[in-house]
Amino acid sequence: MAEKNSNLYEFTKGIIKQNPTLVTLLGMCPTLAVTTMAKNGIGMGLATTFVLVCSNFVISLLKNAIPKAVRLPCFIVIIAGFVTLIEFLMKGYIPELYSALGVFLSLITVNCIILGRAEAFASKNKIFPSVLDGLGMGLGFTLSLFTMGSIREILGTGSWFGFKIPFLCDDPMTVFIMPAGGFFVLGCLIALVNKIANKKPPKEISCSGCPNAALCKGQCRTESEEA
Amino acid sequence: MSYILILIGCVFVNNVVLSQFMGICPFLGVSKQMKSSVGMGAAVIFVMICATAITYPVYRLLEHFGIEYLKTVAFILVIAMFVQLVEIVMKKMMPPLYKALGVYLPLITTNCAVLGVTIGNIDNGYNFLQSLTNALGTGLAFTLALLLFSGVRARIENCDFPETFKGVPATLIAASIVSLSFMGFSGII
């Protein structure tokens, strides 16, 4: 089926099968930082999706024009340009979300999902699959951010999207919206995904999504193993 | 006095990794051994201070022309260029230092803590010296978190977890407990 509907496959693979945060473990920083509320999670996810789709589109267009030696700086500039754009849009139209996301909006630039997809997919594929790939990965990212945000908001504040939940809101467990709760919920979610997928959890974060893999060629890993 | 406050605030109260969630990838990836934690930490402190020293005048320049909104683009370019430059210079001039830190340098370009610090300095309205102090403090905080956590991880490796929790989930839950202990510092400033 993957052969027949390859475009459909490019789109759906990012949502569940290769979900960037829960399966390939990329983009952990925003996942942990902005998910104190479900709303922030969705906002961050959609902003990242926008940047991912646009940068995949442009990089795929320019893939033959960019010299291989300087491709990473080129990718970063393209991505940073779109990040600046979304910053402006958010500041203008949804200022409360803009201030809630704070510095993490600028930090979309160095989100390893975007550079990783640019390096691994968009710079090697045609425009249409690249856009679909970006859209799928972005929606997968949004989905996991939304899930994390919901769990933390419901347990931590006893409400969901601002609606109070009976019984829970009387005595919320504040630790869940604190940094410690973020690590805990993400750990449990990854374990849950492993349980459902019935596979062994990854021992460590893989090099496949690391944008620097081309530069370091896994040296960072071997170095730490030798030590 | 305010410099000491910034330093303590960075290292303990608002620890860059454990309460601001920047630089999680190297935190989880490199913290397996104490030796590599120290190497990575030293490289991050070095790059953070230099990046702050460079991006501060760059921002003033952007401000002069009224194009502050380009700071993300300008900063990431400056940092990427600087890291490459340091790598080349270090390889030629200081081979022993390169051997110790070289591997970690390319990894730092996309470490969000470095970009986060330079943007944070601007957002908080720090002056030049305060920015440098903030960079030093954040670098120290990163190193402290990595060092502490490498000790914790050495113990985790030998524990008998349920099969689904082995590896990254267990590491994250351990990080949650370390982060919980850092909550004890909140309120000392």
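Colleague: Are H3(B) and H8(B) roughly parallel or roughly antiparallel to each other?

Modeller: This is a predicted model. In it, the axes of helix H3 (residues 34-65) and helix H8 (residues 128-156) of chain B cross at roughly 165° and come within 9 Å. Angles over 145 degrees count as roughly antiparallel. H3(B) and H8(B) are therefore roughly antiparallel.

Colleague: Which residue classes make up the contact of H3(B) with H8(B), and how many residues of each?

Modeller: The crossing of these two helices, H3(B) and H8(B), is right-handed. Sorted by class, their contact has no charged residues, 9 polar and 17 nonpolar.

Colleague: What are the end C-alpha distances over residues 37-57 and over residues 128-149 of chain B?

Modeller: UniProt, in an unreviewed entry, lists both stretches under "transmembrane region", including 37-57 and 128-149 of chain B. Residues 37-57 are 100% helix and 0% strand, with end C-alpha atoms 31 Å apart. Residues 128-149 of chain B are also 100% helix and 0% strand, and there the end C-alpha atoms are 32 Å apart.

Colleague: Now chain A. Is A:Leu22 buried or exposed?

Modeller: A:Leu22 is found in the loop between helix H1 (6-13) and helix H2 (28-33) of chain A. Its relative accessibility is 12%. Under 20% means buried, so A:Leu22 counts as buried.

Notes. Residues are numbered from 1 along each chain as its sequence is written. Chains are lettered from A and ligands numbered from 1 in the order in which they are written. This is a predicted model: local features need pLDDT of at least 70, side-chain atom pairs count only at pLDDT 80 or more; totals for chains, interfaces and linings use all residues. Side-chain values use heavy atoms; hydrogens and water are left out. Axes are lines fitted to C-alpha atoms, for helices over the stretch in contact, and angles run from 0 to 180 degrees between N-to-C directions. Helices (H or I, at least four residues) and strands (E, at least two) are DSSP runs, numbered from the N terminus. Angles under 35 degrees count as roughly parallel, over 145 as roughly antiparallel, 65 to 115 as roughly perpendicular and the rest as oblique. A crossing is left-handed if the near helix is turned anticlockwise from the far one by less than a right angle, and right-handed if clockwise. Ala, Val, Leu, Ile, Met, Phe, Trp, Tyr, Cys and Pro count as nonpolar, Asp, Glu, Lys and Arg as charged, and the others, Gly among them, as polar. Buried means under 20% relative accessible area, exposed over 50%, partly exposed in between (1.4 Å probe, protein chains only). UniProt positions are given in the numbering used here, feature names are shortened, and annotations may be inferred rather than shown by experiment.
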